[in-house]
Every structure is written in C-alpha cells, then in structure tokens.
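Subject: Handing over a structure, with notes

Dear colleague,

I am passing a structure on to you, and the notes that follow it are meant to be read with the structure open.

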Amino acid sequence: MTDAESELQGIAALIAERAAELTSYLVVEFGKRIPELPTDPSLVDLLNGSASSNLETLAHLLRGHVPIDEIQAPAAAVEYARRLAQRGTPPSALLRAYRLGQQLILRWASEEIARRVGDPALALQTSNLLTDTSFQYVDAVSEDVMGAYLTERERWLANRSAVQRETVEALLRGDRMDVGATEAALGYRLRQHHLGLVLWSAGADNGLADSERLLARLAQRVGSGHPLFVPRDRDTAWAWLPIGRTADVDLDAVADVLAADGGGIRVALGVPDAGEQGFRASHLGAAAAHDVAQLGQYDADVISYADPTVRAAALLVRDMDSTRRMVARTLGELATDSEGAARMRETLLAFLEDRESFVATAARLHLHKNTVKYRVDRAVEARGKPLGEERLDLELALIACRWLGPEVLRKNGQAAPH
C-alpha cells in the first residue's frame with residue numbers, strides 16, 4: 001500500500017465517522033442548488049437515504065473493501081431515482097446531484113487532507129487519488145441510477161397511460177364514477193370548465209412529443225392549469241385543457257400559438273363545457289371536428305366545433321352516401337370539383353350567411369360588389385334553380401362542399417350520384 005493509499009483510507013474513515021453530518025450538508029446544498037428536486041418530506045427522506053448510502057459505499061471503495069468493477073448503486077439511491085422518475089423530475093436534476101455531490105465532497109476532503117498531511121507532495125498525491133477514485137465511483141453509480149430512472153419512467157408512463165386511457169374511456173361512456181378517485185387517476189381536476197382537443201400530425205416521427213409540447217404552450221396561453229394528454233396512436237392524441245370558472249376561450253390566441261409554434265401539428269377544438277358532462281361533451285365536439293378535418297383533407301392548423309358550419313358538416317359526415325346525393329341534387333353543375341365552381345360556392349355561401357347582402361358579402365370576401373353579384377348569378381345559373389328553392393338543402397350542400405371537398409364533389413365529366 002502506498003502512502004497516498006494509506007492517507008486515503010484515513011479520509012474514508014472520516015467520511016464514515018461524519019456520515020450524518022455530511023449527508024445533511026449535501027441534502028441542504030442539493031435543495032439550494034437544484035430546484036427541480038422535489039421538496040416534499042417523503043422525497044427528502046429518500047434523498048437523505050440516497051446520499052447517506054452513497055457516502056457509505058464510497059467509503060468502502062476508498063478503503064479498498066470492494067473493487068471498482070463491482071461497485072453498484074446502493075438500493076436507497078436506486079429507489080430515489082425511481083421515485084424521481086414517477087414524479088417526472090428531469091433526469092438532468094438527478095445527474096447534477098451526483099456531480100454536485102462529488103464536487104462538495106472533494107472540496108471538503110481536500111481541506112481535510114491539507115490539515116492532516118504535512119508533506120505537500122503526498123497531499124497532492126492523495127488528492128489526485130481521491131479525485132480519480134471518486135470519479136470512477138460517480139461514473140459507475142450514475143450509470144446504474146440513470147438506468148433505473150429510465151426503466152421506471154418508461155414503466156410508469158406506460159402504466160399511467162393505461163390507467164388514464166381506461167378512466168377516460170369510462171368517463172366518455174358516461175359510467176358512474178367517484179369524482180375524487182377519477183381525478184386522482186387522471187391527475188386532472190374534473191370540477192371546472194374544460195376545452196376538449198384532438199391533436200394530430202401527418203405521420204411525423206416525433207408527432208406525439210410535438211403535440212404534447214404544443215399542448216403545454218396552449219395551456220400557458222389560454223389555460224388555467226395542467227392539461228390532460230392521452231395518446232391514442234403514434235400520430236393522434238386526445239387532450240383536455242382546463243379553463244377554470246369560465247367557458248370563454250380566446251380562439252385567436254389559440255390560432256396565434258399554432259401559427260408560431262405548431263410545427264405541423266393540427267388541432268380540432270370542442271366547445272368549452274363544465275364538469276364531468278362537460279368533459280365528455282367538449283371531447284365529442286373535438287372528435288367530430290377531427291372527423292370532418294380528416295375526411296375533408298382539411299389543411300388549416302385549427303378547426304373548431306364552435307363553428308356552426310363545422311357542426312353541420314359533422315352531422316353530414318354520418319351518412320356520406322345521402323350527403324353526396326343531396327349535394328348533387330341540390331347544386332347541379334355547381335357540385336363540380338373545379339376552382340371556378342369552388343369560388344362560386346364560397347361566394348354563394350357567404351352571400352346566404354350575410355342575408356343576401358351584396359355589400360356585406362363583398363366586405364367579408366374583400367371583393368367588389370359587382371364581382372359578388374356576378375359570381376352569385378353564375379352560381380344560380382350553374383345550379384339550375386332559384387335561391388329560394390330548397391333553401392335549407394342549399395346551405396347544407398354548400399357547407400358539405402366547404403368542409404368535405406372532394407368527398408362530396410364530382411370530377412368534370414363524372415356522373416352525379418343517384
């Protein structure tokens with residue numbers, strides 16, 4: 001045994017002797033410098049156990065009681081890592097605790113070596129040996145605890161997602177459920193107003209992760225708490241945004257977030273509603289809007305069930321054969337899938353919504369009044385019927401064309417469905 005190894009054993013004995021004091025010091029410093037670590041008593045107790053057991057194991061290594069290649073993370077350290085994974089604490093906080101712990105112990109030990117070892121050369125050798133050995137220890141143990149963290153995080157998320165999916169599906173079926181237990185299972189409060197959402201991407205590899213990040217940004221902008229995110233498949237997720245005591249949602253703010261940060265994610269919105277029934281109703285509206293967007297190959301970032309034309313299209317989607325026949329019968333040549341017919345249909349629908357006012361329609365569409373009149377006249381001619389005939393069917397057919405597009409239109413030369 002070298003002199004440096006002998007001195008290092010003395011430091012190891014001192015670590016064991018003062019383990020309680022050093023543990024308290026480390027835990028306090030972790031709390032000050034790593035704000036991401038949980039501060040509730042049960043987790044702080046586990047952190048104490050982790051720090052204490054790591055110091056004990058390090059002391060054994062420094063004394064030569066166990067070779068470095070046999071070092072494993074102490075059970076208390078592994079359990080603490082698992083609990084952090086369950087809480088969703090960033091893994092970087094766990095790694096930082098090990099790096100910070102090594103720094104603090106090295107600083108303390110270097111001061112002890114300087115006091116105990118009179119020969120500067122021997123003190124330097126001892127400090128270097130301590131640094132090398134502690135680095136090997138932290139390297140080996142941090143690998144173990146990170147492996148435990150990642151395994152537990154994956155397991156926990158899978159189990160929690162399964163519980164959340166089952167609970168959400170029961171709520172959507174209208175099953176009678178204990179509100180408190182349901183809220184605990186979801187990690188989400190039901191006794192408030194909700195905005196249901198469906199988020200989806202066009203097959204991107206990181207679509208779900210992007211959707212969850214987008215939901216978090218929406219929650220910061222228009223929500224009043226932590227949202228609920230439930231993946232459905234690799235591209236699609238259901239979500240609920242808590243909006244507190246009010247049913248008001250700033251749809252312009254939603255559109256702004258999507259325009260700035262959407263990243264290819266599209267969103268279908270329900271109508272805000274309250275309580276358990278509102279949780280279900282808002283989701284059903286979002287799901288219906290999503291169906292319209294999917295079937296109609298809608299390419300805008302957001303579609304909302306609050307739009308009455310979307311609600312009408314959602315009803316028309318339920319019987320597409322009848323909808324196609326109604327569109328063909330009601331619109332005639334206006335049901336052709338062409339750019340010219342599309343311009344006439346949009347102008348005609350706006351004209352009907354604006355109570356047949358050429359001025360109001362021109363202002364809405366940013367067109368000259370004469371252009372609006374020309375398009376309306378052309379649309380009536382292509383339809384082959386006056387505006388007053390089958391007026392309700394006319395509006396529904398135009399709405400179907402707006403939202404469902406090629407699904408209800410016919411190509412040039414294609415026969416109309418019967």
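A residue is called buried here when its relative accessible area is under 20%, exposed when over 50%, and partly exposed in between, with a 1.4 Å probe and protein chains only. Helices (H or I, at least four residues) and strands (E, at least two) are DSSP runs, numbered from the N terminus. Please keep in mind that this is a predicted model, in which local features need pLDDT of at least 70 and side-chain atom pairs count only at pLDDT 80 or more, while totals for chains, interfaces and linings use all residues. Residues are numbered from 1 along each chain as its sequence is written, and side-chain values use heavy atoms, with hydrogens and water left out.

I begin with helix α11 (residues 308-317), where seven of the 10 residues are buried, so that the helix is largely enclosed by the rest of the structure. The buried residues are T309, V310, A312, A313, A314, L316 and V317, and they pack against α10, β6 (302-304), α12 (320-331), α13 and α16 (391-404), where contact means heavy atoms within 4.5 Å.

Next come the aromatic rings. Rings of Phe, Tyr and Trp (its six-membered ring) pair if their centres lie within 6.5 Å, and planes under 30 degrees apart count as stacked, over 60 as edge-to-face and the rest as tilted. By this rule there are three aromatic pairs. The pair formed by W240 and F279 is stacked, because the ring centres are 4.2 Å apart and the planes lie at 5°. This pair links distant parts of the chain, since W240 belongs to strand β3 (residues 236-244) and F279 to helix α10 (residues 275-295), 39 residues apart. Both W240 and F279 are buried, and ring pairs join Y188, W240 and F279 into a cluster.

Another helix pairing deserves a look. Helix α3 (residues 41-62) and helix α6 (residues 120-173) pack at an angle of about 130°, with their axes 11 Å apart; axes are lines fitted to C-alpha atoms, for helices over the stretch in contact, and angles run from 0 to 180 degrees between N-to-C directions. The two helices, α3 and α6, are therefore oblique to each other (angles under 35 degrees count as roughly parallel, over 145 as roughly antiparallel, 65 to 115 as roughly perpendicular and the rest as oblique). On the α3 side the contact is made by N54, T57, L58, L61 and L62, and on the α6 side by L130, T133, S134, Y137 and V141.

A73 lies in the loop between α3 and α4 (75-87), and with 14% relative accessibility A73 counts as buried. Leaving aside neighbours within four places in sequence, A73 is in contact with V78, V141, D144 and V145. The C-alpha atoms of A73 and S142 are separated by 7.6 Å, although these residues are 69 residues apart along the chain.

E112, in helix α5 (residues 91-116), counts as buried at 7% relative accessibility, and it touches I11, L14 and R18, not counting residues up to four places away in sequence.

Finally, most residues other than glycine have a negative phi. R355, which is not a glycine, has a positive phi near 55°, and E356 has a positive phi of about 60°.

With best wishes
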